[in-house]
Amino acid sequence: MQELTLIHFSLCLLMSGVIWMVQIVHYPSFKFIDEKSFHSFSAFHVKSISFIVLPLMLCELATATLLTIKQPDMAFIINLVLLIFIWMITFFISMPLHKKLGSKRDDQSIDKLILSNWARTVFWTARSILLFVIIISKME
């Protein structure tokens with residue numbers, strides 16, 4: 001159980017780092033891509049970022065689910081619920097915005113992407129803190 005918790009925590013920390021980089025550096029950089037290059041840039045982003053985050057997110061979901069099943073205490077339930085919110089934001093907000101941006105550059109959609117991504121950033125950060133507290137409390 002401790003190994004699974006550490007693996008899950010590591011995945012969450014990785015995704016927290018990725019989401020902060022995306023939030024602070026990558027998504028704002030969309031505003032600096034000209035109309036002519038934007039379609040190619042957007043297609044490259046979606047393909048490349050998916051290669052990195054999809055395996056991590058799937059492993060994170062699997063380990064969160066296993067932890068909640070094996071030890072259904074409130075902390076692991078909250079962790080899983082926050083992760084489900086992240087997935088919902090990803091599929092129902094971020095992906096449709098990326099699809100829209102795949103067809104043309106649109107500053108309003110870029111702004112919505114940046115704004116909506118703050119929720120994922122906060123949730124991943126909160127989960128990292130929660131999992132850190134879980135691990136520290138189990139060490140005592």
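Helices are DSSP runs of H or I with at least four residues, numbered from the N terminus. The model shown is predicted, so local features need pLDDT of at least 70 and side-chain atom pairs count only at pLDDT 80 or more, while totals for chains, interfaces and linings use all residues. Residues are numbered from 1 along each chain as its sequence is written, and side-chain values use heavy atoms, with hydrogens and water left out.

**View 1. M74 in helix α3.** Helix α3 covers residues 74-103 and includes M74. This methionine has a relative accessible area of 55% and is therefore exposed, where exposed means over 50%, buried under 20% and partly exposed in between (1.4 Å probe, protein chains only).

View 2. T5, which belongs to helix α1, is buried because its relative accessibility is 5%. Apart from neighbours within four places in sequence, T5 has contacts (heavy atoms within 4.5 Å) with L67, F76, I134 and I135.

**View 3. The salt bridge of D111 and K31.** A salt bridge places a side-chain nitrogen of Lys or Arg within 4 Å of a carboxyl oxygen of Asp or Glu, and here D111 and K31 meet at 2.5 Å, N to O. D111 is in helix α4 (residues 107-139) and K31 in the loop between α1 and α2 (35-70), so the pair ties together parts 80 residues apart in sequence.

**View 4. The salt bridge of E60 and R127.** The closest N and O atoms of E60 and R127 are 2.7 Å apart in this salt bridge. The pair links distant parts of the chain, with E60 in helix α2 and R127 in helix α4, 67 residues apart. E60 is buried at a relative accessible area of 0%, and R127 is buried at 0%.

Technical notes
Helices (H or I, at least four residues) and strands (E, at least two) are DSSP runs, numbered from the N terminus.
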